[in-house]
Amino acid sequence: MTLPLIVAKSLRQHLLSTVVTAASIALAGGLLMAVWVVKTQSNDAFTKQNAGFDAVLGARSAKLQLVLNAIFHLEASPGNLPWADYEDIAKNAAVALALPIAVGDNYHGYRLVGTTTNLFSVEHAPGRKYRVAEGEEFAAGYMEAVLGSFAARQLKLKVGDKFQPYHGLNFDPNQQHEEQYVVTGILEPSNTPADRVIWIPLEGVQHMKGHDAKAATEISAVLVKLKNPIAGRSLELMYNKQGNRLTFAWPIAQVVAELFGKIAWFDKVLELVAWLVAAVATGSVLASIYNSMNERRRDIAILRALGARAHTIFLAVVLECAAIAVLGMVAAFAVYLGITEVAAHIIRTETGVVLNAFAWHPILAWAPAAMIGLSALAGVIPAVKAYRTNVAENLVPVS
Amino acid sequence: MPLLQISQLKKSYAAPDGGTHAVVDVPEFQLKAQAQVALSGESGSGKTTFLNLIAGILAPDSGSIQLNGLELAGLRESARDRVRATTIGYIFQTFNLLQGYTALENVLLGMSFGPGADREFAKALLKRVGLGAKLNHLPRQLSTGQQQRVAVARALANRPKLVLADEPTGNLDHANAREAMALIREACRENGAALLLVSHDREVLGQFESVQELGKLNRAAK
């Protein structure tokens, strides 16, 4: 009872420095947790994200470029492949489903991806297909479009609306096509990159006015679902080792993991910066309490004169530092949620990959424990000063 | 057996010239249980150091301080703290109230390190000193006389056997000083505590049956 009272009173008596120091802990702790969670979740989300497919077949190129273009709808297409290649792989006994896609146009920055209605039979997650939530699927050969949920929301398009696409993967207002598409449906959210795409019939992209005539018989890639994922090894051997015209990117997770492996150093730098900020914040606890020790000497002497043991005073100072960190870390969760929500919004807007700021991660326990522990440790230095306070000298002048 | 028995008590401080400066050198002093004794002493007579030695705030260089049968001089600092928390009440000239704490909290702290907080007893003490309506006032919200009353209540909060008072009326006007002295003496009597008071105020000293001159008691006094 006595120790909490002494700590609470001291926090209140030094309210401004308590608030400022707790705020610095909140910012540092929030940043530390956010860096860790965004890093880990984005790594997991990208490497586990395959949009329901096991592999991608495309023109000869780096596997990563192929996966980024065909699965994540990022990057430029590495080139086209003839329709016959789609027919070949679709007939392969190891393949459960082959989905041709063609890219090359956009509407206000959101990609138009031409494909077949087989899209709607793909399970992007166990038991969950790409289902039209509003309206209906597009019909092959018609100028109809089904929008991913995120694209529809951002573009403010609804069923029945009409739009004219623009040429190229990047939006250029001078490159508008003449064709007019009607929105027939909007997909339910899948939390995959498909949410950011405007899906149209394959023929739409192939026959768009202004496209190369060759495009009518070509596609950009084939998304492949295998009957047995292990069968990918023989297909990889066939396309990558024995041929030199096409690339078979399999397994998708490993291809993306290689990307994260290449930028692992960046993660390390971010971690280091976050820990440095945390160290500076706990240092501010030390500085704040230490600098106020002179004005606390009289109170300490009075407490000692009332019978408080020196180790009680020591403990009170350490607990005060820990209490500032506790207050700071409570606020740190608000900072964490703010940073993570902003990061998640940006990542979702750019890639369609969804992060969940409310998902559990061990850092959400470790960071508060570490910050509170470090702050208590930082409190040892002013606590030693408090412990050594000369009671007689600080009570009344010696006569 | 007296409550307080002091013999050959010495305390010196380091002097600026590198030598030592004797402040207390008391060959003999006794105080009976529940007795009320005043020590008269001017500045430099070592009165505060003498009281701090008895309270265990300072450790003597040599000599003996027996309080309630316990030898304080040989005790470690933490043990002296314990004795102070359970056996001694201290009233200071400057009151030494904790400014961030209410009157009630100041009194509660007076018992927290010893017998433990007893809210009802703390309230009763404040009521006894006439502050029953100002339990939650901070020291700055009280007059000087009222602050001294809180200090008196706090000194009695741990049910001490001995109350030490160092110039307790030094910061009060005559009327308040007279009232405060009466209160201190009555409160000590009611609670069965002995009172050892040092002062240089003749009016205060005049209220005591037993007055000793610290200048004569302390051979180190100037």
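Between the two chains, 19 residues of chain A are in contact with 30 residues of chain B, where contact means that the C-beta atoms of two residues, placed from the backbone, lie within 7 Å. This is a predicted model, in which local features need pLDDT of at least 70 and side-chain atom pairs count only at pLDDT 80 or more, whereas totals for chains, interfaces and linings use all residues. Residues are numbered from 1 along each chain as its sequence is written, and chains are lettered from A and ligands numbered from 1 in the order in which they are written.

On the side of chain A that touches chain B, α1 (2–13), α10 (293–305) and α14 (391–395) each supply at least two residues. Helices (H or I, at least four residues) and strands (E, at least two) are DSSP runs, numbered from the N terminus. The most is given by α1(A), with 4 residues. By residue class, this side of chain A divides into 11 nonpolar, 4 polar and 4 charged residues; Ala, Val, Leu, Ile, Met, Phe, Trp, Tyr, Cys and Pro count as nonpolar, Asp, Glu, Lys and Arg as charged, and the others, Gly among them, as polar.

Chain A as a whole has 14 helices and 15 strands. Its radius of gyration is 30 Å, well over the 21 Å that the globule rule gives for 399 residues, so chain A is more spread out than a compact globule. This radius is taken over C-alpha atoms, and the globule rule is 2.2 Å times the number of residues to the power 0.38. Along the principal axes, the C-alpha atoms of chain A fill a box of roughly 105 × 45 × 35 Å. Of its 399 residues, 45% count as buried, that is, 20 or more other C-beta atoms lie within 10 Å of the residue's own, with C-beta atoms placed from the backbone.

Chain B contains 8 helices and 9 strands. The radius of gyration of chain B is 17 Å, close to the 17 Å that the globule rule gives for 222 residues, so chain B is as compact as a globular protein of that length. Its C-alpha trace spans about 50 × 40 × 35 Å along the principal axes, and buried residues make up 49% of the 222 residues.

Within chain B, strand β1 (residues 4–14) runs antiparallel to strand β2 (residues 20–31), to which 10 bridges join it; strands pair if DSSP finds at least two bridges between them. Lys10(B) has Asp25(B) in β2(B) as its bridge partner. These two strands form a hairpin with 5 residues between them, and Gly18(B) in the turn has a positive phi of about 95 degrees. Strand β1(B) is also joined by 5 bridges to the antiparallel strand β4 (residues 62–67) of chain B, where Ile65(B) is the bridge partner of Ile6(B).

How values were computed:
A residue is buried if 20 or more other C-beta atoms lie within 10 Å of its own, exposed if 12 or fewer, and partly exposed in between; C-beta atoms are placed from the backbone.
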